[in-house]
Amino acid sequence: MNPLPSVPHLSPSPESLVPDENEMSRTHLIEVKDLSRHAEATVTVAGWVETVRIHGRVAFVVIRDGTGLLQCVVVKKEVDEATWEAATGVTQESTVELTGSVKPDDRAPGGNELLVSTLSVVGPAEEYPIQPKEHGVEFLMDHRHLWLRSSAQRAGLRVRSEVMQAVHDFYYDRGFTRIDTPILTGAIGESAGTLFSTDYFGDTAYLAQTGQLYVEAACPAFRKVYCFGPTFRAEKSKTRRHLTEFWMVEPEVAFADSDANMRLQEEFVSYLVERALERCAPELETLERDTSVLERIRPPFPRVSYTEAVERLQAKGSGIEWGRDLGGADETLLAEEHHLPLFVYNYPKEAKAFYMKENPDDPRTVLCNDLLAPEGYGEIIGGSQREDDLDRLLHRIREEDLPEEAYNWYLDLRRYGTFVHSGFGLGIERTVAWITGRPHVREMIPFPRLMNRLTP
Ligand code: 4AD
Ligand code: MG
């Protein structure tokens, strides 16, 4: 239906857009990532102490300033006593400010060392709870506010940030309008089973499970729209794929059918992977990600109908029966045959949400798809063509026993100029877990919310 343009070019890299760092922040501090521009000059840097090693009359203090790591060399006979005392007594994660000259050194991380003239401790750290030994996951999660500083956590969250920026660039380049949808809502978006509700001046409000119904409303105003924000599910499952608060990007396109919807998905996912490969190479290396598997990700992705998927699964010994949604184990079994993400399309009506369009060729099914990531990461996208027929939609709302009055406004969209339209939702944490090769979604969001975790 709606032909899709090819993958857009990459937007300009951040470096080319920003003014010099001093101009921007009006500080005398130089960022570690920029030190090569200051070779042999005297500069001041500030950061947090990662390690201190003392070899006789020389101390090596490695700091992290958020833009890179820097080894700072303190030679006793070249500094005053206060600096030597500070350098040899400073504790891990103390905040320090150092002045010295920049010495290019190919062996150093970042390609430079700092030959220190003065070091002062700005914020001393008490004994740091996270040590370079194996801590249990619960301990690390209890200290999430500190765990963020560790290299693997920094790398994962940097990739998340890049992927989120790539989401906006992708839709911006294609002329989509961003629509911010409410978090407090009056109607169930997906399913009654996983709703968070709260008192709303004597009424009940639900935390949004999806922005979809609202982007559908924005479609006749803007044609191509998307929302991107936190969504909430009271998931009672403790799996590596489930959070109770996660971020979802949801495009919605007028005059696009289910086939065009899948084409948009494969272009989009390929673009996100390409951006991570292009701009997060050091982070992916820190995480020891095998990037060769990511380099193969480009359209078209293989497609299999739900009905055929069930046959394949049964042949592999799964107990799945036609009519049931696929479980995590089934998704892994199916996806292991492919190194590209796999579309599974046209699920049975009873396994999916009320708003999906009935398949005219097989009314037991709906025009929808899930996208399963390779390497056992499971579903990263759920999407569908929407039911655009007023009577059928009303019938489905009644069939599901949903409160009709809460959907009156949504039904209006079929009363006032209905049209073919489709959209999907991509979960950011699952996508970033797959791209980075990390096993659990909880590391892919700065402060995860899980069934048993509300702090920090
Ligand atoms: O398949 P879902 O439930 O689809 C929707 O919400 C549709 N309204 C989207 C749309 O058509 N506009 O969720 C979409 C995606 C999933 O594929 C998954 O990536 C992610 O959201 N997701 C979760 N991620 C982490 N934790 C959870 N509990 C998640 N539930 C869904
Ligand atoms: Mg789904």
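**Exercise 1. Find how far apart the two domain centres lie, then describe the protein as a whole.**

Solution. The C-alpha centres of domain 1 and domain 2 lie 45 Å apart. To place them, note that domain 1 covers 19–123 and domain 2 covers 141–444, with bounds that come from an automatic or database domain assignment.

Before going on, please keep in mind that this is a predicted model, where local features need pLDDT of at least 70, side-chain atom pairs count only at pLDDT 80 or more, and totals for chains, interfaces and linings use all residues. Residues are numbered from 1 along each chain as its sequence is written, chains are lettered from A and ligands numbered from 1 in the order in which they are written, and side-chain values use heavy atoms, leaving out hydrogens and water.

Next, the overall span: the C-alpha trace extends about 85 × 55 × 45 Å along its principal axes. The protein has 14 helices and 16 strands (DSSP runs numbered from the N terminus: H or I of at least four residues for helices, E of at least two for strands). Finally, of the 456 residues, 51% are buried (under 20% relative accessible area with a 1.4 Å probe, protein chains only; exposed is over 50%, and partly exposed lies in between).

**Exercise 2. Decide whether Glu-93 is buried or exposed, and list what it touches.**

Solution. Start with its place: Glu-93 sits in the loop between α2 (81–89) and β4 (95–104). Its relative accessible area is 8%, so Glu-93 is buried.

Now look at its partners. The side chains of Glu-93 and Arg-64 are joined by a polar contact of 2.9 Å (a pair of N or O atoms within 3.5 Å; within protein, one must be able to donate a hydrogen and the other to accept it, and residues adjacent in sequence count only if both atoms are side-chain atoms). Leaving aside neighbours within four places in sequence, Glu-93 is in contact (heavy atoms within 4.5 Å) with residues including Trp-48, Tyr-128 and Arg-149.

**Exercise 3. Do the accessibility step again for Thr-365.**

Solution. Thr-365 is in the loop between β13 (342–345) and β14. Its relative accessibility is 2%, so Thr-365 counts as buried. Among the residues it touches, not counting those up to four places away in sequence, are Trp-322, Tyr-347 and Glu-358.

**Exercise 4. Describe the second largest pocket and its lining.**

Solution. First, the terms. On a 1 Å grid over the protein atoms alone, a pocket is an open set of points with protein on both sides within 12 Å along at least five of seven lines, whereas a cavity is a set where a 1.4 Å probe fits but cannot get out; lining residues have an atom within 4 Å of a point. Grid points are joined across faces, edges and corners, and a volume is the space filled by probe spheres set on the points.

The second largest pocket holds about 1,100 Å³. Its lining has 43 residues, and Glu-190, Arg-233, Glu-235, Lys-352 and Glu-379 lie nearest its centre. Among elements, β15 gives the most, with 5 residues.

**Exercise 5. How many cavities of 30 Å³ or more are there, and what is the volume of the largest?**

Solution. The count is 2. The largest cavity has a volume of about 90 Å³, and 13 residues line it, including Thr-185 and Tyr-214. The second largest cavity has about 50 Å³ of space, with Arg-240, Tyr-377 and Val-441 among its lining residues.
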